[in-house]
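Thank you all for making time this morning. I would like to walk you through one model, going residue by residue where that helps, and I will take the charged and aromatic contacts in turn.

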Amino acid sequence: MLVKIKEKLVKKLSKDLLNKSYLIKQLKEYKSYKILDNELYSMILGVLRVQEMRVRDIMIPRSEMVIIEKDSHIENFLPMIIKSTHSRFPVILDNKDEVIGILLAKDILPYANNTDDFKIDDILRPAVIIPESKRLNVLLKEFKTGRNHLAIVVDEYGRVSGLVTIEDVLEQIVGDITDEHDFKKDNITTVENNKYICEASTPIEEFDAKFDTKLNNRNYDTIGGFVIKKLNKLPKKGENLVYGDMRFTVKDTSNRKINRILVEIVKT
């Protein structure tokens, strides 16, 4: 199917018309005619988006990094590693601007029953340092060729501003990736009478079915996309939209995206 679509696009588009906006328009037409399903359509848009986005747009900020101090004993940071469920941890000296390497949780397993022999220098992996301005498509290629899964992000002054993983990049294409440590949660949760918390990733079809609304539109696939489209911008926490007999209030944002929305039925 993708081969046929590609051949059709190449034949139809002349060199001067081959631009992103025209391509997206064509993809929307394929989606409307059911040639592309929602998932494939979203993935193709994700690939286009990754070509433009930069590391600063998706990185985990410095304040949320789970780090290990080099001089800490394994018994002090092992509980933190277990609790966080992460697999890779930046190792620092005196502060977060002095990242000296990456510790893999699996490398600690041989020392689980014999912590006296543990020396962090023996298992420390090199840290990959990248600028905030690096494009995601370039970073993804470097992750693949360098066989790295995590990079430390620095600002223009060389200070650590966050970190980014290969999973963070791939999620821009395929959507949220869950693993055995992620808990499945409902997209829509009742808070109280006529008040609901919705995950921004809730499909429009699911929202319409829940509230008997008709928001479905080819311009957006999720309730978060609906709010962004109606406000014509990426809203900040606390901003709201009144649409019909509903009020949508942004409750949580991160990495320049909406995470959760409070939906209130305001009709009298």
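**Contacts and surface in a predicted model**

Let me begin at Lys267, which is exposed, with a relative accessible area of 59%. Please keep in mind throughout that what you see is a predicted model.

Lys70 itself counts as partly exposed, at 23% relative accessibility.

Arg159 also forms a salt bridge, in this case with Asp155, and the closest N and O atoms are 3.2 Å apart. Arg159 counts as partly exposed at 43% relative accessibility, while Asp155, at 18%, counts as buried.

Now to the aromatic side chains, where a search of the whole structure finds eight aromatic pairs. Among them is the pair of Phe77 and Phe118, which is edge-to-face, with 6.0 Å from centre to centre and 65° between the planes. This pair links distant parts of the chain, since Phe77 is in helix 4 (residues 74-84) and Phe118 is in the loop between strand 4 and helix 5 (120-123), 41 residues apart. Phe77 is buried, with a relative accessible area of 4%, and Phe118 counts as buried at 12%.

The rings of Tyr220 and Phe226 make another pair, and what angle do their planes make? The planes stand at 75° and the centres are 5.5 Å apart, so this pair is edge-to-face, the cut-off for that class being over 60 degrees. Tyr220 is buried, with a relative accessible area of 8%, and Phe226 is buried with a value of 0%. Both residues belong to one aromatic cluster, which is formed by Tyr196, Phe207, Phe211, Tyr220, Phe226, Tyr243 and Phe248.

Let me return to charged residues, this time away from the bridges I described. On the surface, Glu69, Asp71, Asp94 and Glu98 gather in a patch of negative charge. Of these, Glu98 lies in the loop between strand 3 (88-92) and strand 4 (99-104), and at 31% relative accessibility Glu98 counts as partly exposed. Glu199, by contrast, counts as buried at 13% relative accessibility. Glu199 is in strand 9, residues 195-199, and its C-alpha is separated by 6.5 Å from that of Ile188, which is 11 residues away along the chain.

Finally, I would draw your attention to two backbone positions. Which loop holds Arg147? The answer is the loop between helix 6 (136-146) and strand 6 (150-154), and Arg147 has a phi near 55°, a positive value in a residue other than glycine. Arg147 is exposed, with a relative accessible area of 75%. Asp212, which is found in the loop between helix 8 and helix 9, also has a positive phi, of about 55°, although it is not a glycine. Asp212 is exposed as well, with a relative accessible area of 73%.

That is where I will stop, and I am happy to go back to any of these residues on the screen.

Methods
Residues numbered from 1 in each chain as written. Predicted model: local features only at pLDDT ≥ 70, side-chain atom pairs only at ≥ 80, totals over all residues. Heavy atoms only, no water. Patch = residues over 30% accessible without salt bridge, like charges linked within 9 Å, V, L, I, M, F, W, Y side chains within 5 Å. Areas by Shrake-Rupley, 256 points an atom, 1.4 Å probe, with all protein chains shown as cover. Salt bridge = Lys/Arg side-chain N within 4 Å of Asp/Glu carboxyl O. Lys, Arg positive; Asp, Glu negative; His and termini not counted. Charge placed at Lys NZ, Arg CZ, Asp CG, Glu CD. Helix = DSSP H or I, 4+ residues; strand = E, 2+ residues; numbered from the N terminus. Buried < 20%, exposed > 50% of the residue type's maximum accessible area, 1.4 Å probe, protein only. Phe/Tyr/Trp six-rings, centres within 6.5 Å; stacked < 30°, edge-to-face > 60°.
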